Structure formats: C-alpha cells, structure tokens
Amino acid sequence: MLTYVDGRFVPDGEATISVRSRGLNYGLGCFAGVRGYLADDGQQVFVFRLDDHVRRLELSAKMLFLRSEPFAQARQAVLEVLRKNEVHYDVYLRPMVISNSTELSPVLREQDSSFIVYCLPLKRYIDKESIDVCVSSWRRTSDNAIPSRAKPTGGYLNSALARREAFDNGFDEAILLTEAGLVSEGSAEHVFIVRDGQLISPPSTEHNLDGITRRTLLALAREDLGIPVLERPIGRTELYTSDELFLCGTGAEVTPVRSVDRRKVGDGGVGPVTTRLKSHYQDVVHGRVPERLRWLTPVWG
Ligand SMILES: Cc1ncc(COP(=O)(O)O)c(C=O)c1O
C-alpha cells in the first residue's frame, strides 16, 4: 500500500515517524476516519461525505494549533491514495495531522504539522448484527480537558480504556457518560435511542465528536423517512427503558444494540426505526438514492 506523507506517496514501510515525535510521545494530533464504498457495479468507489470529513479535520487542527493541508489539496490527497492503491473494494481512510517535532516537552506549533493519509480494506468495524453494551465506569473526557469535538489522537486513550473494560466484562462496546452523568457517546460511535417512535440523540455539547454519521442519520430520518427527531441530553436510565437503541459512526455505520448493562433493549430484537434507518443508510452510501448523491465523491472516471 502507498501512504501519503506531506506531499509524497511512499510505501507503508517507509511511512514512519521518529520515536521522539511529539505525535507519539504526547499524542499531539487529530485525525479523520472516512469510508469509501464499492458501488453496485463492482468498480466504482464512492467516498462518503469527503468534504465534511476534510472540513472537520481542518477545524480540529485549527483547534489544536496544528495545520492541515489546504482544503483542496487534502481532499485530493485522499482521492489519490485510493487511486494509487487501485482501490476497488470497501475501504477505510485515515487522514491525520500530527505534531512531528522531535523536541522534548508537549508544545503545539503549526509549523510542526505533518499531514498523512493511509487506507485499508474494511468491510465491517463491528462484526455483529446486534451488540451488548455496558455503561463504562470511565467518564468521557470533557471537551474542556481534551476537546472531544476535535477527534484528537491522545483522546483515544479514554476510548481504549472504556473498550478494554467492556471486553473484559463480556460486552461488545461501552457507552461513556459525561462528568455530569449524562450519555455522551460510545468509544467511537454516537448513541441514538428511540422512544414512542421518536429518535433521540445527545448533541455534541454532551462532550462528543461533531459526528458526521449522526448528522447524516438525523437528516435521513427527518427528511427522507418522516421519523421525528430530537437532540437533547439523555440520562443513563433512559438507555434501560428505550424501545430501541443503536450506535452509529463512519466505522460502526448503524449498529443495533440488544442490551445495555444486561437489560434487554425493547424485546431484544432489532426495532423498526433502527431497521429502516440502517437499510436507508446503506442505500445512501452505496449511491442508490439519487437525492443523496451529492454526499458521494466517485473515485474513478
Ligand atoms: C469518539 C467518536 N465518536 C463518534 C464517532 C462517529 O463519528 P463519525 O460519524 O463522524 O464517524 C467517532 C468516529 O468515527 C469517534 O471516534
């Protein structure tokens, strides 16, 4: 595979950083996670909401006093990684901006920024139809401590601790609460519940990432499927009493949850609202919904 590093395409093995890099030592950086889907013709690949991902990365970098490549160049780099690697399959892309200074001490400076894009084949991020989740004993890092809105590399220690605890206790994934005890998000997914036919999700002011899939699903529910939506804080015990619950994200797509802390969600099956959204989302990302084609960037032709 070829990886893009600061204007050059290099074989993966040569896309390396120093052990002294601040990106490694202090986790100084931010990233994006983007998906490309193989179209129904078996040739074309559609990158989903590329501009939104590049824009969010730009804003994340700005927040962290790092510098992403100019928008058009960053966008082109993502597409070129797919073209140079002859990608005709479902793919995950990881554009990153890291501090690549090798000096001691955690300091953020625009001029130390490195811009990287690599890709890998990815079909499913969570390889189950429906999952068992727990509420983590770890709290979500406050946006005022390590900006959760920015997808910061260092912030994923919080996610990793929650996931490890979940796995050790026999769950598939964790939901983290804010310091105030309200639902924030999963380790790499947003949370939606359904109550009395209404779709509810906590806004990003609940210390979660400004999520592109979350925004997508809110729009699809409201505009395409006529499902009422509401963004508001969610209490922990609402997870236990919801009719339906699912996690979503670029990786996770729409992942139904069948239990929370060993309490069955609804009757334990995948509910009707989740089923409709999951199926519509798959149609949209694969280019089967003409009105949503503007969210897709074709890689080929
Ligand atoms: C912490 C976290 N929350 C939520 C998400 C989902 O966000 P998006 O839909 O933008 O991919 C991600 C990543 O993809 C994430 O890392």
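The model is a predicted one, and the protein in it contains seven helices and 17 strands. Its radius of gyration is 19 Å, close to the 19 Å that the globule rule gives for 301 residues, so the protein is as compact as a globular protein of that length. Taken along the principal axes, the box filled by the C-alpha atoms is roughly 50 × 45 × 30 Å.

**Domains and their contact**

- The domain assignment divides the protein into domain 1, which covers residues 2–121, and domain 2, which covers residues 131–285.
- The centres of domain 1 and domain 2, taken over C-alpha atoms, are separated by 25 Å.
- Where the domains meet, 22 residues of domain 1 are in contact with twelve residues of domain 2.
- On the side of domain 1 that touches domain 2, at least two residues each are supplied by strand S3 (29–31), strand S4 (34–38), strand S5 (45–48) and helix H2 (50–63), and H2 gives the most to that side, with five residues.

**Packing of helices H5 and H7**

- Two packed helices are described by the angle between their axes and the distance between the axes.
- For H5 and helix H7 (residues 272–285), the axes come within 11 Å and cross at roughly 100°; because angles of 65 to 115 degrees count as roughly perpendicular, H5 and H7 are therefore roughly perpendicular to each other.
- H5 takes part in this contact through Leu217, Leu220, Ala221, Asp224 and Leu225, while H7 takes part through Arg276, Leu277, His280, Tyr281 and Val284.
- The residues of the contact of H5 with H7 comprise seven nonpolar, one polar and two charged.

**Surroundings of the ligand**

- There are 16 residues around the ligand, and those that come nearest are Gly211, Ile212, Thr213, Gly249 and Thr250.
- Helix H5 (residues 212–225), the helix that also packs against H7, provides the largest share of the shell around the ligand, with three residues.
- By residue class, the shell around the ligand holds three nonpolar, nine polar and four charged residues.

Conventions. Residues numbered from 1 in each chain as written. Predicted model: local features only at pLDDT ≥ 70, side-chain atom pairs only at ≥ 80, totals over all residues. Near = placed C-beta within 6 Å. Helix = DSSP H or I, 4+ residues; strand = E, 2+ residues; numbered from the N terminus. Nonpolar A, V, L, I, M, F, W, Y, C, P; charged D, E, K, R; others polar. Axes fitted to C-alpha atoms, helices over the stretch in contact; angles between N-to-C directions. Parallel < 35°, antiparallel > 145°, perpendicular 65-115°, else oblique. Contact = placed C-beta atoms within 7 Å. Domains from an automatic or database assignment. Rg over C-alpha atoms; globule rule 2.2 N^0.38 Å.
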